[in-house]
Amino acid sequence: MYKILFSLFLSSPLLATELPESRQKELKNLLKHDCGSCHGLTLKGGLGPSLLAADLQNKSNEFLVDTIQNGRKGTAMPPWKPFLNKDETRWLVQLLKNQS
Ligand code: HEC
């Protein structure tokens, strides 16, 4: 019984995107300053489209993670893979989708 609970705990998708507090802070800063330079300081859009929760709801996490990791060729959206691993990117997408 405990074994089952423990393995459920380990495979929880929430846990996969759990990051250390200090890294969460860095990512929030990055979002404001780096992403904000194109998407707007309040993320309502600028050179890049709005990243507000309401505007991302209909887009799949995979699609958004892919956009952030690899950028969009032919647009100003750069790839962030050199700075963000997949878990960090997923965490950012969750943050964006859940912000109010
Ligand atoms: C140099 C400008 C620039 C910066 C910096 C930038 N973006 Fe973008 N981003 C864009 C543009 C332009 C698009 C729209 C691309 C297109 O036309 O498909 C975009 C698209 C996106 C999309 C897809 C939105 C949608 O509705 O499909 C996401 C998500 C996104 N950016 C997240 C980020 C995040 C997170 C960061 C910071 C880590 C970031 N961007 C930094 C310019 C930028």
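Buried means under 20% relative accessible area, exposed means over 50%, and partly exposed lies in between (1.4 Å probe, protein chains only). This is a predicted model, in which local features need pLDDT of at least 70, side-chain atom pairs count only at pLDDT 80 or more, and totals for chains, interfaces and linings use all residues. Residues are numbered from 1 along each chain as its sequence is written, and side-chain values use heavy atoms, with hydrogens and water left out.

**View 1. Overall layout of the protein chain.**
The protein chain has six helices and zero strands. Helices (H or I, at least four residues) and strands (E, at least two) are DSSP runs, numbered from the N terminus. The order of elements from the N terminus is α-α-α-α-α-α. Of the 100 residues, 31% count as buried. Contact means heavy atoms within 4.5 Å. Among contacts with a separation of 6 or more, 51% join residues 24 or more positions apart.

A salt bridge is a side-chain nitrogen of Lys or Arg within 4 Å of a carboxyl oxygen of Asp or Glu. Side chains of opposite charge can pair when their charged atoms come close. The whole structure holds three salt bridges. Arg 23, Glu 26 and Glu 88 are linked in a network of them. Glu 26 pairs with Arg 23 at 2.6 Å, N to O. These two residues sit three apart in helix 3, so about one helical turn separates them. Glu 26 is partly exposed, at 44% relative accessibility. Arg 23 is also partly exposed, at 21%. Glu 88 and Arg 23 form a salt bridge too, again 2.6 Å from N to O. This pair links distant parts of the chain: Glu 88 lies in helix 6 and Arg 23 in helix 3, 65 residues apart. Glu 88 counts as buried, because its relative accessibility is 10%.

**View 2. Asp 87 and Arg 90 in helix 6.**
Asp 87 forms a salt bridge with Arg 90, with the closest N and O atoms 3.0 Å apart. The two are three residues apart in helix 6, so the separation is about one helical turn. Asp 87 is partly exposed, with a relative accessible area of 29%. Arg 90 is partly exposed as well, at 28%.

Glu 18 belongs to the loop between helix 2 (13-16) and helix 3. At 53% relative accessibility, Glu 18 counts as exposed. Glu 18 and Glu 88 are 70 residues apart in sequence, and their C-alpha atoms are 8.7 Å apart in space.

**View 3. Leu 27 and the largest nonpolar core.**
A nonpolar core is a set of buried Ala, Val, Leu, Ile, Met, Phe, Trp, Tyr and Cys residues joined through side-chain atoms within 4.5 Å. The largest one has 17 residues; Leu 27, Leu 31, Leu 84, Leu 92 and Leu 96 touch the most other members. Helix 3, helix 5 and helix 6 each supply at least two residues of this core. Beyond its neighbours within four places in sequence, Leu 27 contacts Leu 19, Leu 84, Glu 88, Trp 91 and Leu 92.

**View 4. Gln 69 and the buried side of helix 5.**
Gln 69 is in helix 5. Its relative accessible area is 7%, so Gln 69 is buried. Leu 64, Val 65, Thr 67, Ile 68 and Gln 69 are buried in this helix. Their cover includes helix 4 and helix 6. Leaving aside neighbours within four places in sequence, Gln 69 contacts Pro 79, Trp 80, Lys 81, Leu 84, Asn 85, Lys 86 and Thr 89. Gly 71 follows helix 5, with a positive phi near 70°.

**View 5. The largest pocket.**
On a 1 Å grid over the protein atoms alone, a pocket is an open set of points where a 1.4 Å probe fits, with protein on both sides within 12 Å along at least five of seven lines; lining residues have an atom within 4 Å of a point. The largest pocket holds about 530 Å³ of space. Of its 28 lining residues, His 39, Pro 49, Leu 51, Thr 67 and Met 77 are the closest to the centre. Helix 3 (21-39), helix 4 (53-56), helix 5 (61-70) and helix 6 (86-98) each supply at least two lining residues. Helix 3 gives the most, with six.

Technical notes: Grid points are joined across faces, edges and corners, and a volume is the space filled by probe spheres set on the points.
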